[in-house]
Amino acid sequence: MAGEDAERTFVMLKPSCVEKGFIGEVISRFERKGLRIIQLKVVKMSREKAEELYKVHYGKPFYEGLINVIAGKTVVAMILEGRKAIGVVRRLIGATDPAEAQPGTIRGDLAINLTDNLVHASDSPESYQREYRIFFEDEELQTY
Ligand code: CDP
Ligand code: MG
(Lines give C-alpha, C1' and ligand atoms only; values in the text may rest on other atoms or scores of the structure.)
(Ligands and ions follow the chains in the order given, each with its own letter.)
Protein backbone atom coordinates (compact mmCIF):
# COMPACT_ATOMS: atom_id res chain seq x y z
CA MET A 1 0.00 0.00 0.00
CA ALA A 2 1.52 3.30 -1.07
CA GLY A 3 2.02 6.35 1.11
CA GLU A 4 1.99 7.52 4.70
CA ASP A 5 -1.29 6.90 6.59
CA ALA A 6 -2.63 4.81 3.70
CA GLU A 7 -5.35 2.42 4.75
CA ARG A 8 -8.21 0.48 3.25
CA THR A 9 -11.88 0.42 4.08
CA PHE A 10 -14.86 -1.69 3.10
CA VAL A 11 -17.96 -0.01 1.67
CA MET A 12 -21.29 -1.52 0.69
CA LEU A 13 -23.89 0.36 -1.33
CA LYS A 14 -27.17 -0.85 0.14
CA PRO A 15 -30.10 -2.09 -2.00
CA SER A 16 -31.80 1.33 -1.90
CA CYS A 17 -28.69 2.90 -3.43
CA VAL A 18 -28.79 0.38 -6.28
CA GLU A 19 -32.56 0.70 -6.74
CA LYS A 20 -32.51 4.52 -6.79
CA GLY A 21 -29.76 4.55 -9.43
CA PHE A 22 -27.20 6.25 -7.17
CA ILE A 23 -24.30 3.81 -7.68
CA GLY A 24 -22.44 6.22 -9.96
CA GLU A 25 -23.24 9.27 -7.83
CA VAL A 26 -21.87 7.68 -4.66
CA ILE A 27 -18.79 6.11 -6.25
CA SER A 28 -18.08 9.43 -7.95
CA ARG A 29 -17.95 11.17 -4.56
CA PHE A 30 -15.36 8.67 -3.33
CA GLU A 31 -13.25 9.07 -6.47
CA ARG A 32 -13.45 12.87 -6.40
CA LYS A 33 -12.17 12.78 -2.82
CA GLY A 34 -9.11 10.90 -4.09
CA LEU A 35 -9.87 7.40 -2.87
CA ARG A 36 -8.75 4.54 -5.06
CA ILE A 37 -11.10 1.67 -5.88
CA ILE A 38 -9.13 -1.49 -5.14
CA GLN A 39 -11.99 -3.90 -5.82
CA LEU A 40 -15.68 -3.59 -6.71
CA LYS A 41 -18.43 -6.13 -7.25
CA VAL A 42 -22.18 -6.44 -7.61
CA VAL A 43 -23.46 -9.04 -5.13
CA LYS A 44 -26.81 -10.71 -4.53
CA MET A 45 -26.85 -10.71 -0.70
CA SER A 46 -27.70 -14.01 0.93
CA ARG A 47 -29.34 -13.90 4.37
CA GLU A 48 -26.14 -15.52 5.72
CA LYS A 49 -23.94 -12.72 4.37
CA ALA A 50 -26.33 -10.07 5.72
CA GLU A 51 -26.32 -11.68 9.18
CA GLU A 52 -22.53 -11.98 9.12
CA LEU A 53 -22.04 -8.32 8.17
CA TYR A 54 -24.40 -7.10 10.88
CA LYS A 55 -23.74 -9.65 13.61
CA VAL A 56 -22.55 -6.96 16.06
CA HIS A 57 -26.14 -5.65 15.99
CA TYR A 58 -27.78 -9.02 16.67
CA GLY A 59 -30.56 -8.64 19.26
CA LYS A 60 -30.96 -4.86 18.85
CA PRO A 61 -34.50 -3.58 18.13
CA PHE A 62 -33.62 -2.63 14.54
CA TYR A 63 -31.76 -5.88 13.70
CA GLU A 64 -34.57 -7.81 11.94
CA GLY A 65 -35.62 -4.77 9.92
CA LEU A 66 -32.02 -4.19 8.90
CA ILE A 67 -31.51 -7.79 7.75
CA ASN A 68 -34.78 -7.61 5.82
CA VAL A 69 -33.77 -4.55 3.79
CA ILE A 70 -30.49 -6.25 2.79
CA ALA A 71 -31.12 -10.01 2.49
CA GLY A 72 -31.95 -11.32 -0.97
CA LYS A 73 -31.26 -7.95 -2.57
CA THR A 74 -28.53 -6.62 -4.83
CA VAL A 75 -25.73 -4.53 -3.31
CA VAL A 76 -22.36 -3.21 -4.47
CA ALA A 77 -19.36 -4.17 -2.34
CA MET A 78 -16.04 -2.37 -2.66
CA ILE A 79 -12.68 -1.83 -1.09
CA LEU A 80 -11.34 1.72 -1.12
CA GLU A 81 -7.82 2.87 -0.33
CA GLY A 82 -6.39 6.24 0.61
CA ARG A 83 -4.99 8.40 3.43
CA LYS A 84 -6.96 7.69 6.62
CA ALA A 85 -9.60 6.08 4.41
CA ILE A 86 -11.74 4.67 7.23
CA GLY A 87 -12.40 8.05 8.86
CA VAL A 88 -12.53 9.88 5.54
CA VAL A 89 -15.25 7.59 4.21
CA ARG A 90 -17.27 7.72 7.45
CA ARG A 91 -17.25 11.53 7.24
CA LEU A 92 -18.19 11.54 3.55
CA ILE A 93 -21.12 9.24 4.36
CA GLY A 94 -22.39 11.29 7.31
CA ALA A 95 -24.39 10.42 10.42
CA THR A 96 -26.20 7.08 10.68
CA ASP A 97 -29.62 8.81 10.65
CA PRO A 98 -29.95 10.59 7.29
CA ALA A 99 -32.45 13.01 8.85
CA GLU A 100 -29.61 14.26 11.07
CA ALA A 101 -26.73 13.90 8.58
CA GLN A 102 -25.12 17.15 7.43
CA PRO A 103 -25.92 18.43 3.95
CA GLY A 104 -22.90 17.72 1.76
CA THR A 105 -22.61 14.18 3.06
CA ILE A 106 -23.93 11.19 1.11
CA ARG A 107 -26.65 10.37 3.61
CA GLY A 108 -27.33 14.07 4.19
CA ASP A 109 -27.91 14.70 0.50
CA LEU A 110 -29.39 11.47 -0.83
CA ALA A 111 -31.29 9.61 1.91
CA ILE A 112 -33.94 10.22 4.56
CA ASN A 113 -34.85 6.80 6.06
CA LEU A 114 -32.86 5.47 9.02
CA THR A 115 -32.59 1.75 8.28
CA ASP A 116 -32.44 2.32 4.54
CA ASN A 117 -29.61 4.83 4.77
CA LEU A 118 -27.92 4.08 1.45
CA VAL A 119 -24.38 3.07 2.45
CA HIS A 120 -22.41 0.93 4.88
CA ALA A 121 -18.75 1.60 5.72
CA SER A 122 -16.31 0.01 8.16
CA ASP A 123 -15.89 1.99 11.39
CA SER A 124 -12.42 0.72 12.43
CA PRO A 125 -9.45 -1.29 11.11
CA GLU A 126 -10.82 -4.32 13.00
CA SER A 127 -14.23 -3.96 11.31
CA TYR A 128 -12.53 -3.62 7.94
CA GLN A 129 -10.56 -6.84 8.47
CA ARG A 130 -13.71 -8.72 9.40
CA GLU A 131 -16.04 -7.21 6.79
CA TYR A 132 -14.03 -7.32 3.57
CA ARG A 133 -13.54 -11.09 3.95
CA ILE A 134 -17.30 -11.63 3.77
CA PHE A 135 -17.17 -10.45 0.15
CA PHE A 136 -13.62 -10.76 -1.19
CA GLU A 137 -10.77 -13.26 -1.38
CA ASP A 138 -7.30 -11.94 -0.60
CA GLU A 139 -6.11 -12.80 -4.15
CA GLU A 140 -8.67 -10.35 -5.51
CA LEU A 141 -6.98 -7.44 -3.75
CA GLN A 142 -3.72 -7.53 -5.69
CA THR A 143 -5.04 -5.14 -8.33
CA TYR A 144 -2.46 -2.32 -8.19
O1 CDP B 1 -24.10 2.31 9.46
P2 CDP B 1 -23.54 2.96 10.70
O3 CDP B 1 -22.20 2.40 11.10
O4 CDP B 1 -23.54 4.46 10.58
O5 CDP B 1 -24.56 2.65 11.89
P6 CDP B 1 -24.62 1.45 12.94
O7 CDP B 1 -24.91 2.03 14.27
O8 CDP B 1 -23.44 0.54 12.80
O9 CDP B 1 -25.93 0.65 12.49
C10 CDP B 1 -25.90 -0.20 11.37
C11 CDP B 1 -27.14 0.05 10.56
O12 CDP B 1 -28.29 -0.32 11.31
C13 CDP B 1 -27.39 1.50 10.17
O14 CDP B 1 -26.64 1.91 9.03
C15 CDP B 1 -28.88 1.48 9.89
O16 CDP B 1 -29.12 0.90 8.61
C17 CDP B 1 -29.39 0.51 10.95
N18 CDP B 1 -29.90 1.18 12.16
C19 CDP B 1 -31.27 1.31 12.32
O20 CDP B 1 -32.05 0.87 11.47
N21 CDP B 1 -31.78 1.92 13.45
C22 CDP B 1 -30.96 2.39 14.40
N23 CDP B 1 -31.47 2.99 15.48
C24 CDP B 1 -29.57 2.28 14.25
C25 CDP B 1 -29.06 1.66 13.11
MG1 MG C 1 -21.64 0.52 11.79
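Analyst: Helices (H or I, at least four residues) and strands (E, at least two) are DSSP runs, numbered from the N terminus. Alanine 77, for instance, is found in strand β3, residues 74-83. Please note that this is a predicted model, in which local features need pLDDT of at least 70, side-chain atom pairs count only at pLDDT 80 or more, and totals for chains, interfaces and linings use all residues. Residues are numbered from 1 along each chain as its sequence is written, chains are lettered from A and ligands numbered from 1 in the order in which they are written, and side-chain values use heavy atoms, with hydrogens and water left out.

User: How many helices and strands does the protein have, and what pattern do they follow along the sequence?

Analyst: The protein has seven helices and four strands. Along the sequence their pattern is β-α-α-β-α-α-β-α-α-β-α. The radius of gyration is 14 Å, close to the 15 Å from the globule rule for 144 residues, so the protein is as compact as a globular protein of that length. Here the radius is taken over C-alpha atoms, and the rule is 2.2 Å times the number of residues to the power 0.38. Along the principal axes, the C-alpha atoms fill a box of roughly 40 × 35 × 25 Å.

User: What share of the residues is buried?

Analyst: Buried means under 20% relative accessible area, exposed over 50%, and partly exposed in between (1.4 Å probe, protein chains only). By this rule, 44% of the 144 residues are buried. Alanine 77 counts as buried because its relative accessible area is 0%. Lysine 33, in helix α2, counts as exposed because its value is 51%.

User: Which residues does alanine 77 contact beyond its neighbours in sequence?

Analyst: Contact means heavy atoms within 4.5 Å. Leaving aside neighbours within four places in sequence, alanine 77 is in contact with Phe10, Val11, Met12, Gln39, Leu40, Lys41, Val43, Phe135 and Phe136. For lysine 33, not counting residues up to four places away, the residues touched are Val88 and Leu92. In the protein, 75% of the contacts with a separation of 6 or more are accounted for by residues 24 or more positions apart.

User: Is arginine 29 buried or exposed?

Analyst: Arginine 29 lies in helix α2, residues 23-33. Its relative accessible area is 16%, and therefore arginine 29 is buried. Not counting residues up to four places away in sequence, arginine 29 touches Leu92, Gly104, Thr105, Ile106, Asp109 and Leu110.

User: How many positive and negative side chains are there?

Analyst: Lys and Arg count as positive and Asp and Glu as negative, while His and the chain ends are not counted. The place of a charge is taken as NZ of Lys, CZ of Arg, CG of Asp or CD of Glu. The protein has 21 positive and 22 negative side chains, and the centres of the two sets lie 2 Å apart.

User: How should I read a pair of aromatic rings?

Analyst: Such a pair is described by the distance of the centres and the angle of the planes. Rings of Phe, Tyr and Trp (its six-membered ring) pair if their centres lie within 6.5 Å; planes under 30 degrees apart count as stacked, over 60 as edge-to-face and the rest as tilted. A search of the whole structure finds three aromatic pairs. In one of them, the rings of tyrosine 58 and tyrosine 63 have centres 5.2 Å apart and planes at 75°, so this pair is edge-to-face. Tyrosine 58 is exposed, at 63% relative accessible area, whereas tyrosine 63 is buried, at 5%.

User: Why is the pair of tyrosine 128 and tyrosine 132 described as stacked?

Analyst: The ring centres of tyrosine 128 and tyrosine 132 are 4.8 Å apart and the planes are at 25°, so the pair is stacked. Both residues lie in helix α7 (residues 125-135), four residues apart, about one turn of the helix. Tyrosine 128 and tyrosine 132 are both buried.

User: Which residues have a positive phi without being glycine?

Analyst: Most residues other than glycine have a negative phi. Lysine 84 has a positive phi, near 50°, and is found in the loop between β3 and α5 (85-93). Leucine 118 has a positive phi of about 80° and is found in the loop between α6 (106-110) and β4 (119-121). Lysine 84 is partly exposed, at 44% relative accessible area, whereas leucine 118 is buried, at 0%.
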